[in-house]
Amino acid sequence: MAAPALGRRCGRAAGLWGGPRRAPPPLPLPLPLPLRRGAHQQPRRARGAGGLLAAQCERGLFQEVFPAQSAEEQLPALLEPGRPPLTAYCGFDPTADSLHVGHLLPVMGLLHFQRAGHDVIAVVGGATARLGDPSGRERAREAPPAEQVRAHARGLRAGLGRLFENHRELFWAAGGGRLGRAALLDNACWLGRQPLLDFLGGAGGRLRMGTLLSRQSCQARLRSAEGMSLAEFLYPALQAYDFLHLHQHHGCRIQLGGADQMGNIMSGYELVTKMTGTDVFGITVPLITSTTGDKLGKTAGNAVWLNRDKTSPFELYQFFVRQQDNIVEKYLKLFTFLPLEEIDHIMEMHAKEPEKWGPQKRLAAEVTKLVHGREGLESAKRCTKALYYSSVEALEAMSDQELQELFRQAPSAELMLEPGMNVLDLCRKANAIPDGPSGYQKITDGGVSINGIRVTNPEAVLIVGQHILKNGVSLLRIGKKNYYIIKWLQL
């Protein structure tokens, strides 16, 4: 596709070819990648690689490409089939030990590059996290202890590795072409060894103070009462050095980041072009916000985590199932690999049968499978059936982990089944109802359910297979929301 047509098409929504227009230096070929080759690779390029920018712009995943002129004129040609694969990277600072939903779109950007036959690098910011990115922040982050940053970095590397592996196993068909190589790196490996004077005399001498001071994030902080520390001010310089290092050692030509990262991306472009003479590019992806417009993430306190110990597969599934009709089509384009024609068909069926919530369920299934794998999706479906459809079969198939994830706040008790033990005995031993007539009446009034079935006879003797499931568990509910997990011993 011709570049001018691509620019018009993408620019209509978000101005794809963003930033100042300037004449770039000549384009050398990419450097070879000394990255590990996966067994799944095949020699030929994936079909449709030349349309990568157009396709992702149409999906809404790519918002801006920088710098405008050289990107518009040359980047589509560099992505055409038959050309050497390019390398793109994205950085993830380990401010927590888990990725969250807000990180998924940059990861999706990397995966789309990989699917088009290009190589990708996910960089965990084990060094830059020590300073803290000032972008979009009203005050400085509290400096985290070094050991905490290292632990968080390990968690992010593990999470990124799962995403790449789940994608390769579950979303990439054998014989589908060359799946680009993926590498996980930590910038502490090079920034941690970089002498201060060498950095200031090298990269520091190429970055202009006026440019750094003109960034919106810098201006906002300088005008604030707290001001801005030197450490935060130097953050864009260190991120720019990441781009330089990855270009020099891995042939990286493209940096991806959230829409709030354009200033940092521009600094990296400036440093790489000045020190190497090679033209490089930056691409931004949308920020995911809540219904109130707040960016989803740890700082805002509304993060939906991708680690199972923080957000279960069921909770992640439900987050996407609950998306409203006015956003679900957009999310299907952003968070899944479904062809646009299939998404159109899903939305057409939804218009005919909105009560089935077809788009929401498909969205939730695709994302949960990418994040937690096939078993994670099955777990989410079991929990959904158990909680919302009172499925005894689903309850019996649930593991202890799933029960704890589904009922995180629910008290649990371990009981021995005694001869003649009845519903009233169970409720009292679990401390679920008060002693005396009020507890008895709670049952007779229909306020108690066992395994999703309402019980009204306090004297009914407990029956294995009905009140006690085959997995030795009973799920007791008092009222509408008060759950108790009962584990039976020595059945």
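Of the 491 residues in this protein, 52% are buried; buried here means under 20% relative accessible area, exposed means over 50%, and partly exposed is what falls in between (1.4 Å probe, protein chains only). Keep in mind that this is a predicted model, where local features need pLDDT of at least 70, side-chain atom pairs count only at pLDDT 80 or more, and totals for chains, interfaces and linings use all residues. Residues are numbered from 1 along each chain as its sequence is written, and side-chain values use heavy atoms, with hydrogens and water left out.

Now for the overall build. The protein has 20 helices and eleven strands, taken as DSSP runs numbered from the N terminus (helices are H or I, at least four residues; strands are E, at least two). Among contacts with a separation of 6 or more, 76% are between residues 24 or more positions apart, a contact being heavy atoms within 4.5 Å.

Most residues other than glycine have a negative phi, and most peptide bonds are trans. Go to the loop between β1 (64-66) and α3 (68-78), and you'll find P67. The peptide bond joining F66 and P67 is cis, with omega at about -5°.

Next come two asparagines. N431 isn't a glycine, yet its phi is positive, about 55°. You'll find N431 in the loop between α19 (423-429) and α20 (437-444), and it counts as exposed because its relative accessibility is 63%.

N451 also has a positive phi of about 55° without being a glycine. N451 sits in the loop between β8 (448-450) and β9 (453-455). Is N451 buried or exposed? With a relative accessible area of 0%, N451 is buried.
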